[in-house]
Amino acid sequence: MKKIILSRVLTIWCLIFFLPGMACAQSYLSENKSMKSSILKEDVKYSIYLPKSYQTSEKSYPVLYLLHGLGDNHTSWSLLGQIQAIADRVIDSGKADEMIIVMPDAKQSWYINACKGKAQMEKMFFEEFIPHIETTYRAISQKEQRAIAGLSMGGYGSLLYALKHPDMFVACFPISAAVFSDEDILNFSEEDYIRRFKDIIGGGNTKESRLTPTWRENDIYTILKNYPKADKKKVKYYIACGDDDFLYRNNLQLALAMYDTHIPTIFRLRNGQHHWPFWRREIKEILHTASSHFHRGEDF
């Protein structure tokens, strides 16, 4: 009983005297944020992680944009990815510096500007969402303090955004990236194609009609084939995939294409599958490596 009373006294003392300071500071995670988008004509939901010192300091922080996969949403990295606990541990251990982590809800958009004037997700992300984050929170609005990562569909999205907007990010971390070639698109069953892509990239009744202008504008291999030489070293890329992941061949092919294009890239094929245990392990490395770019200017 004495120990319980003493513990309560110490907790109250800590709250009274140290809450304004660092001793009892807590990181903050909200899954209930939203932004009104005039481009999408709807609210865009997002989750956000703020580091422990955010509430007690006036400094600004670098930002990691963390994208979800197909079938997930803005809460997946917090609920299934345990991002708050992992980020706290990595930062507390000194392996990463404090940063803001933002997890937007992209639904099943593949993060692109869809065909026929449908949801313009990429346009919204750069013209509305990033400015919203940088005016609402103390986020540093510089390329050198901004990185992007994602898993599966979000791995593709992070790669697409970094390749198409190299002046926006210092580093990009696609993990288990759902990157497909023309051959892959043509080989999808009609059911899979309709379920995953048809509303986004269009296409008719034949397989050849799937290679639409929208697909070509967002095809990673077409982008790499025409990639400007001046942009090749503007972003550092870190690609990782599990060796038992059904997408491991796609990620190997992607890494080879990046190497052939002479874009600074690290590729890691590690033990793991297309599942959260692998992604939770990988996010630790992402936080560490992103931090090295944010604050120490280290190269891969």
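**Exercise 1. In which loop is the place of Lys-107?**

Before starting, note that this is a predicted model, in which local features need pLDDT of at least 70, side-chain atom pairs count only at pLDDT 80 or more, and totals for chains, interfaces and linings use all residues. Residues are numbered from 1 along each chain as its sequence is written, and side-chain values use heavy atoms, with hydrogens and water left out.

Solution. Begin with the elements: helices (H or I, at least four residues) and strands (E, at least two) are DSSP runs, numbered from the N terminus. Lys-107 sits in the loop between strand S4 (100-104) and helix H4 (121-136). Next take the backbone, where Lys-107 has a positive phi of about 55° although it is not a glycine. Finally, Lys-107 is partly exposed, with a relative accessible area of 42%; buried means under 20% relative accessible area, exposed over 50%, and partly exposed in between (1.4 Å probe, protein chains only).

**Exercise 2. Find where His-262 lies and decide whether it counts as buried or exposed.**

Solution. His-262 belongs to the loop between helix H10 (248-260) and strand S8 (265-270). The phi of His-262 is positive, near 65°, in a residue other than glycine. With 59% relative accessibility, His-262 counts as exposed.

**Exercise 3. Describe how strands S1 and S2 are joined.**

Solution. Two strands pair if DSSP finds at least two bridges between them. Here 8 bridges join S1 (residues 28-37) to S2 (residues 42-50), and the strands run antiparallel. Leu-29 stands opposite Tyr-49 in S2. The hairpin has 4 residues between the strands, and in it Lys-41 takes a positive phi near 60°.

**Exercise 4. State how many disulfides the structure holds, and examine Cys-172.**

Solution. A disulfide is a covalent bond between the sulfur atoms of two cysteines; the criterion applied is a pair of cysteine sulfur atoms within 2.5 Å. The structure holds 0 disulfides. Cys-172 is in no disulfide, and the nearest cysteine sulfur, that of Cys-241, is 15 Å away. Cys-172 is buried, with a relative accessible area of 0%.
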